[in-house]
Amino acid sequence: MTDDKDVLRDVWFGRIPTCFTLYQDEITEREAEPYYGKDSSVSFNVVSSLPSMMLYTLEWNRILLLLPRVSYLTLVTDKVKKHFQKVMRQEDISEIWFEYEGTPLKWHYPIGLLFDLLASSSALPWNITVHFKSFPEKDLLHCPSKDAIEAHFMSCMKEADALKHKSQVINEMQKKDHKQLWMGLQNDRFDQFWAINRKLMEYPAEENGFRYIPFRIYQTTTERPFIQKLFRPVAADGQLHTLGDLLKEVCPSAIDPEDGEKKNQVMIHGIEPMLETPLQWLSEHLSYPDNFLHISIIPQPTD
Amino acid sequence: MEEDEFIGEKTFQRYCAEFIKHSQQIGDSWEWRPSKDCSDGYMCKIHFQIKNGSVMSHLGASTHGQTCLPMEEAFELPLDDCEVIETAAASEVIKYEYHVLYSCSYQVPVLYFRASFLDGRPLTLKDIWEGVHECYKMRLLQGPWDTITQQEHPILGQPFFVLHPCKTNEFMTPVLKNSQKINK
């Protein structure tokens, strides 16, 4: 269906306007005095351009960037890092990390998931603070290199295929196919990525879907980072399970009572799919590049 | 996936119960920790060591028993060395934590571990490796293990190191068979 292919593109090219501000400790603030007191009119200075990412400096310590929902923070913030490092003293620089309203941001979660879970009810742009000191060892994984991001990404893909196909499809691929998946993500190449990824979305003709659906459900109200369980896309009687069926089974608190007020939003890629949507369809069309459905349960905004 | 190579979650929990019963019988300190909603949980062992130059000694519960996880042995000396406690300046206490969780994706148990000083400062993998006794280093380097990576603990949400066994079934089968034999 043409419509379905459009969904894949819409998911891939989703962007979040994000404002990165360098964390100001006392020393840097004194040095920055001449730069404060600017009025709200901003002079946009295009520092660099990549095919789909324009970088705007608002002030010397503030950058606006459109972040791809499907990528990872440490993969798309090279320019941010380089720009801020120019205005810092060498001895102050150690591993970069990001924080939103006091919460350290897990670089190993896709950007869209972090936004939906933590900031979707607030006004745009997404305001992220950039740190180069005091890495929160107890909260965040280290990200020593691009290789670490690749290793993490490929590990997620392998786990997804273990659930969908007992790892048969991904293990049959050659190393160059794995590389193509990673390069497609890294370079924002939809066609390059999907040329290989489409194989991971197939299933045997005699089945009605994958063996199990790769999903993770996130809520900020629980200590547990996410819920992940075995769940089949098709019931014993051959009926397709829906998103609502999944939630009823693994996260019943997320389902609002029929006659009551809507308490929660069930969000994927910034939208609320209907609970009647077949889970198999969601898995094929709304998964992130790592082939997982990352689902956020957030409180219904009050305004 | 063959049924005999991989274990379901209920079977995993049953084996853990047997393992912990055995651990209690031999005075080892493995325990079961349920998750907050009690739907699942993991096995946990905490172990303290004084790090004093290159001599390691033990605190707390005796760890004389055989455990089923070779990685555990890496942090212990043979019994005759562990009686000696040297007093000297600059000794630090390190807390080692081992967690055994079930992976529903791969249907196998997975070992998570971390080490920290008592003030909470975590050790890097390099620091931990430096604490491994020489005779175990060789064995570990040759062992049936692929790699160790830092990952988010799926129940606690904190960074841990994870051991990736590339041949878990070969490694686990004798463990499970022995456990069944002992508990009959």
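In this predicted model, strand β8 (residues 215-219) of chain A pairs with β10(A) in the parallel sense over five bridges. Two strands count as paired if DSSP finds at least two bridges between them; strands (E, at least two residues) and helices (H or I, at least four) are DSSP runs numbered from the N terminus. Residues are numbered from 1 along each chain as its sequence is written, and local features need pLDDT of at least 70. Chains are lettered from A in the order in which they are written.

**Strand pairing**
- In the β8-β10 pair of chain A, A:F215 stands opposite A:L293 of β10(A).
- Strand β9 (residues 264-267) of chain A runs antiparallel to β10(A) and is joined to β10(A) by four bridges.
- A:M267 has A:S296 in β10(A) as its bridge partner.

**The sheet**
- The three strands form an open sheet in the order β8-β10-β9 (chain A), with mixed pairing.
- β8 and β9 of chain A are at the edges with a single partner strand each, so one side of each has no neighbour in the sheet.
- On average, neighbouring strands are turned by 20° against each other, direction ignored; axes are lines fitted to C-alpha atoms, for helices over the stretch in contact, and angles run from 0 to 180 degrees between N-to-C directions.
- Strand β10 (residues 293-299) of chain A is largely enclosed by the rest of the structure, because six of its seven residues are buried (under 20% relative accessible area, 1.4 Å probe, protein chains only).

**Helices on the sheet**
- Helix α5 (residues 111-118) of chain A lies across β8, β9 and β10 of chain A, at about 15° to β10(A).
- Helix α10 (residues 243-250) of chain A packs on the sheet and touches β8, β9 and β10 of chain A (contact: heavy atoms within 4.5 Å); its direction makes about 65° with that of β8(A).

Conventions
Predicted model: local features only at pLDDT ≥ 70, side-chain atom pairs only at ≥ 80, totals over all residues. Heavy atoms only, no water. Buried < 20%, exposed > 50% of the residue type's maximum accessible area, 1.4 Å probe, protein only.
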